[in-house]
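Biologist: Could you walk me through this one? I would like to learn what stands behind the words you use.

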Amino acid sequence: MLIEHNSNRDSWKVDRDMMHLPMHATLPDGRHITIDTITDGQISDMYSLIVAAAVNGHGFGVDEYPTEKDFRKEVDGYPSFVLCGKECGKMIGAFSLIDSKFYRGTENKLVDPIIIVKKSERGKGIGDFIFRQVVLFSKRLGFTGIYTDTFSNNHAMMKIIERCPGFQRVGHFPLGGKMPDGTLVGANLYFKDLRNISEDNTLG
Ligand SMILES: CC(C)(COP(=O)(O)OP(=O)(O)OC[C@H]1O[C@@H](n2cnc3c(N)ncnc32)[C@H](O)[C@@H]1OP(=O)(O)O)[C@@H](O)C(=O)NCCC(=O)NCCS
């Protein structure tokens, strides 16, 4: 297990050496990027991207994280990562691996990922790429499985999850979140078991 975890989430510490960070990778469009642990300043940038997505009805509820403090309360102490262009150093996307509330207990650690791609970078296969890193990092960090829920109007995210090997849809929440026009949207819940697969086989 590459993270230490006690009951206090602030004790989650990512071993950057064992996680091979910073990690260098190539996006589907051929651009070189680095993935690394997020900095404090980049958490603010991630929050800004999430707010912009929420006000456009993309992936997050308008009242999900009313302030940056609320968002920080959600992610602080959990492993969070950022993708940046290798040359420009600018953030392209980010993901946080927070504890899922759907597992009640301390023996197993189920992850609930938060994923965001910068608006100008969407539709280039980056969300798909990030989701695969989510699975890989979750396994590498010692999580038991992944619970991820996504709004039922988030067609890109549903496509990404449903074609990722090993995910099964396990439920639907009639009330998932609030859209900018005040309507409520449902959410679909998916699960992937990470217990009996090796890191090399996390993606089938
Ligand atoms: C959801 C999100 C992460 C997807 O990232 P992305 O980089 O745009 O996704 P990809 O380019 O990898 O696209 C994945 C698939 O969805 C499809 N897709 C993209 N946008 C779509 C849309 N609006 N409607 C339907 N399909 C869509 C793509 O065509 C692609 O399928 P393909 O490979 O068969 O062509 C990104 O849109 C985002 O950050 N949204 C706001 C935040 C959010 O929703 N986070 C997830 C919360 S659960």
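Biologist: What makes β9 and β10 a pair of strands, and how do they run?

Modeller: Two strands pair if DSSP finds at least two bridges between them, and 7 bridges join β9 (residues 168-178) to β10 (residues 184-193), so they pair, running antiparallel. One of the bridges links Q168 to F191 in β10. The two strands form a hairpin with 5 residues between them, and G182 in the turn has a positive phi of about 90°. Do keep in mind that this is a predicted model, where local features need pLDDT of at least 70, side-chain atom pairs count only at pLDDT 80 or more, and totals for chains, interfaces and linings use all residues. Residues are numbered from 1 along each chain as its sequence is written.

Biologist: Which residues make the contact between α3 and α4?

Modeller: Contact asks for C-beta atoms, placed from the backbone, within 7 Å. G127, D128 and F131 of α3 meet A156, I160 and I161 of α4.

Biologist: How many residues surround the ligand?

Modeller: There are 20, with G59, R122, G127, D128 and A156 the closest; a residue is near a molecule if its C-beta atom, placed from the backbone, lies within 6 Å of it. The largest share, 5 residues, comes from α4.

Notes. Contact = placed C-beta atoms within 7 Å. Helix = DSSP H or I, 4+ residues; strand = E, 2+ residues; numbered from the N terminus.
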